[in-house]
Structures are given as C-alpha cells and as structure tokens.
Amino acid sequence: MTLRQLMRLNMAHFRAKAWNTKAMSTKSAKSCFAKSMKPMKQFKRPRISKISVVGAGQVGTAISAMLLLRNLTKNLVILDINYELAQAEALDFQHASAFLNDARVVPCGDSTNSKNSDVVIITAGARPSGKDRSRLAAMQKTVEILKKAVPKLVDLSPDATFIIISNPADVMTYAVQRITNLPKHRCFTTGCHLDTVRFRNLIANRLRLPPSQVHGYVIGEHGASAVPVWSSVSIAGIRLNDVVKNLACGDDPENWAKINKQVTTGGLAVAKTKGYTNWAIALTCADIVQAMSGGKGKIACVGTDMKGLSGIQDNVVLSLPCLVTSGGISHVFELPLTDVEQSKLMASANILLEAQCSLSI
Ligand SMILES: NC(=O)c1ccc[n+]([C@@H]2O[C@H](COP(=O)([O-])OP(=O)(O)OC[C@H]3O[C@@H](n4cnc5c(N)ncnc54)[C@H](O)[C@@H]3O)[C@@H](O)[C@H]2O)c1
C-alpha cells in the first residue's frame, strides 16, 4: 500500500468517526503511519463568515486584502487602537466592495464590532522604540498590548479561532494562551509555515522547479533557531538527501547549508529595504484561513503548545507539521528527524522556553 493510499484511508476514517480520538487509537493505530499523527482536538466549525483583523498596520492591511481577494470572508472587521486608521483602511476596501464579492468591511476601535467573529487574527504589536530597543523590551510591550486587547476579543467571540501573527509569534502565542486559557488547537501562530514556503522556494530556485512541487518542512521557532528539516525534503518522491552528497552538512560541496541562513534571515533582508514585511505573511495567513474554510484541511507547520510531542517536555509554543481544519489544529505530525535535527529542535525549544519565562504575564 502506498503512503498516499494510507493517508486516504486514514482521512476517510477520521471523517467518518467525526474526529473521534478513541476510534483512531484503536482501528487506525494498526497502521504505523497513524502513530506519527497525534490527534489534538475534536472540533468542527460551520463555514467561516466573520473575520476580525486586529492591527491595521502593514501586516494587518495586507492580510485583509488577501482574505478579501480570496473571498475567504464576506464580513471583515479591521480593528486598530488608532480608530481613524482602521476607518480609512476599511473605507478604502469598502469602496471597491463590488470587486470583492460584495464583502462588507467595517472599522473598529474598541472591539465591539468584532462580536461573534469566527476567526480573529492578531497583528497588533509594538516596534522597538525609546531607550531600550532590545527584543525583550519590544516583546514585553507587545504582551502589554495583548493583555489589554485580547480578553475583550475572547469575551465577544468565545468560539473564535485566534491566529497570532505579532512577533515574536511563538512567544506571543504562548502569552495569549496564558492570558486567555484558549485551547491550544484554536489559538496558534502561522509560525514556520512562512519559513517552510521560503525553504521550498529556495530549494526550487536551485533545482529550477516550481516551488509548489518541493516538499519539506521548517520546524521549531519562527525565527533565528528555526530548523530546516533537510531529511524531509523530497521532490516527486525522491528524497534530496538520497541524491545529494552531504546535503547541508559536512563538507557540503554544493553549499546547500547556505539556505539555512536564507530561511531565517529572509524577512530581515526584505525589511532592510521596506522597513517591514507584509505580502509573504499575508499570503501565509490567508493560506491557513483557506485551510480552515475548505472541507479538506491542509498540513502546515504552524505553532502551538507542543508539550509531549517530538520530544518536547515543557509547555513550549513552536511549529511542527499540523493538520489545520475548520476549527483549527486537529492533528500534529511527529516527523522522523535525524539526531542532529532532533537536537536542533531541542535547542530551539530551549530558546523559546527561556523567552517565555522572561515574560511578565
Ligand atoms: N509572524 C510573522 O511571520 C510576521 C511577519 C511579518 C510581521 N510580523 C509582525 O506583525 C506585527 C505587525 O507588523 P506591522 O508591520 O503591521 O506593524 P505596524 O506597526 O505597521 O502595525 C501595528 C498596528 O497595531 C496597532 N495596535 C497597537 N496596539 C493596538 C491595540 N491595543 N489594539 C489594536 N491595534 C493596536 C497599531 O496602531 C498599528 O496600526 C509585528 O509584530 C511584526 O513583527 C509577523
């Protein structure tokens, strides 16, 4: 039986059993593959109708544009503490509603209009400023923003799925989970989904292939300690590791390891000129919302509390491949990793744990 057939069988089984965890552990546990696929939560959401985007800056506005262009919502709320900005951005989109499937775009300054959202996307954050421009200082400022803004959003939309974009995204997701007690399957970050598409794009460029046809994942932190999983890279069923000598390790004659750095510094390279990044993250976020909107779901490296998975022993938010469906994360996949990749994942988890512990929540 091929892997594809196996997957199909498993998916059909899960659907038939309405994501029943117990059923999975008995019947499909017979398949070796099911052991790598850890169920997270049984949850189904009817069609997404209302989405709130919190933060009308570069990222929030770009995400709004992608959601509207892809017809992922007919009812979009743009929320910013700077109400005039939210109003101007909403109006700019609303003027072109006829080109956006007649979507309704509403501004919001105090959360009220976000009531009964199906999805809430958080992009509000503080940029480094003042005397202390350290990452940690900016991180704590963003936590203070979240502490004020998020509880009200949860009260108004208690069943919504929260997607955290504000950086450092993993640590901010941890903060939101701690502030709100939202379940981890519906409070997560796009995390390494963006790093993963960058990784695939860089490999595809070298091989002169379409990026969508390269498979492989980046896991761990959405940031400097992200782990490109070279052992998982495959094209047309061919593992790159099997055909390239010393792929991104050892003497690495073709210098594939250069890609590791490009993956983690890709955003900085863009921000150096623009001052920010927005299009790639906007498309990444829209891709996740699309996975939640369609019936089938999608496997993507998104981040949530991964305690108990892939050797992670603490409550650390980081990315692993997840099945994202209507209600959020339904399953997490434990990738087979080499010893080096596993120790890099642990190092990434420790960095994040340290950052989490430094927060005052
Ligand atoms: N996760 C990723 O892959 C990724 C990629 C790019 C950017 N980001 C992050 O996204 C965040 C936003 O970036 P940006 O370029 O849009 O920043 P920005 O400064 O342009 O926009 C932030 C907006 O948040 C608003 N805001 C601040 N406090 C608020 C509050 N309490 N309620 C509502 N709105 C509030 C501000 O008024 C501002 O309009 C940053 O943290 C950035 O680092 C993440």
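In which helix do Glu 144 and Lys 147 lie, and how many residues apart? Both lie in helix α5 of this predicted model. They are 3 residues apart, about one turn of the helix. A salt bridge joins Glu 144 to Lys 147, with 3.5 Å between the closest N and O atoms. Glu 144 is partly exposed, at 33% relative accessibility. Lys 147 is also partly exposed, at 27%.

Side chains of opposite charge can pair when their charged atoms come close. The structure holds 4 salt bridges. One of them joins the side chains of Glu 334 and Lys 38, at 3.5 Å from N to O. This pair links distant parts of the chain, 296 residues apart. Glu 334 sits in the loop between β13 (328-333) and α11 (339-358), and Lys 38 is in strand β1 (residues 37-39). Glu 334 counts as partly exposed, with 21% relative accessibility. Lys 38 is partly exposed, at 30%.

A salt bridge also forms between Asp 287 and Lys 298, at 2.8 Å from N to O. Asp 287 belongs to helix α10 and Lys 298 to strand β11 (residues 298-305), 11 residues apart. Asp 287 counts as buried because its relative accessible area is 17%, under the 20% cut-off. Lys 298 is partly exposed, with a relative accessible area of 30%. Helix α10 spans residues 279-293 and has 15 residues. Its first and last C-alpha atoms are 21 Å apart, close to the 21 Å expected. Buried residues of α10 include Ile 281, Cys 285, Ile 288, Val 289 and Met 292.

The chain is assigned two domains, domain 1 (46-189) and domain 2 (192-358). Their C-alpha centres lie 24 Å apart. Domain 1 gives 33 residues to the contact, and domain 2 gives 35 residues. Together the domains bury about 2,800 Å² between them, with 67% of it on carbon and sulfur atoms. The count of salt bridges between domain 1 and domain 2 is 0.

An unreviewed UniProt entry lists Arg 127, Arg 133, Asn 167 and Arg 198 under "binding site". Arg 127 is placed in the loop between β5 (119-122) and α5 (135-156). Arg 127 is exposed, with a relative accessible area of 56%. Beyond its neighbours within four places in sequence, Arg 127 contacts Gln 58, Gly 275 and Tyr 276. Asn 167 lies in the loop between β6 (161-164) and α6 (169-180). Asn 167 is partly exposed, at 48%. Leaving out residues up to four places away in sequence, Asn 167 touches Thr 142, Met 172 and His 222.

Technical notes:
Residues are numbered from 1 along each chain as its sequence is written. This is a predicted model: local features need pLDDT of at least 70, side-chain atom pairs count only at pLDDT 80 or more; totals for chains, interfaces and linings use all residues. Side-chain values use heavy atoms; hydrogens and water are left out. UniProt positions are given in the numbering used here, feature names are shortened, and annotations may be inferred rather than shown by experiment. Helices (H or I, at least four residues) and strands (E, at least two) are DSSP runs, numbered from the N terminus. Buried means under 20% relative accessible area, exposed over 50%, partly exposed in between (1.4 Å probe, protein chains only). Contact means heavy atoms within 4.5 Å. The expected span of a helix is 1.5 Å times one less than its number of residues. Domain bounds come from an automatic or database domain assignment. Buried area is the accessible area (1.4 Å probe) that two parts lose on being put together, summed over both.
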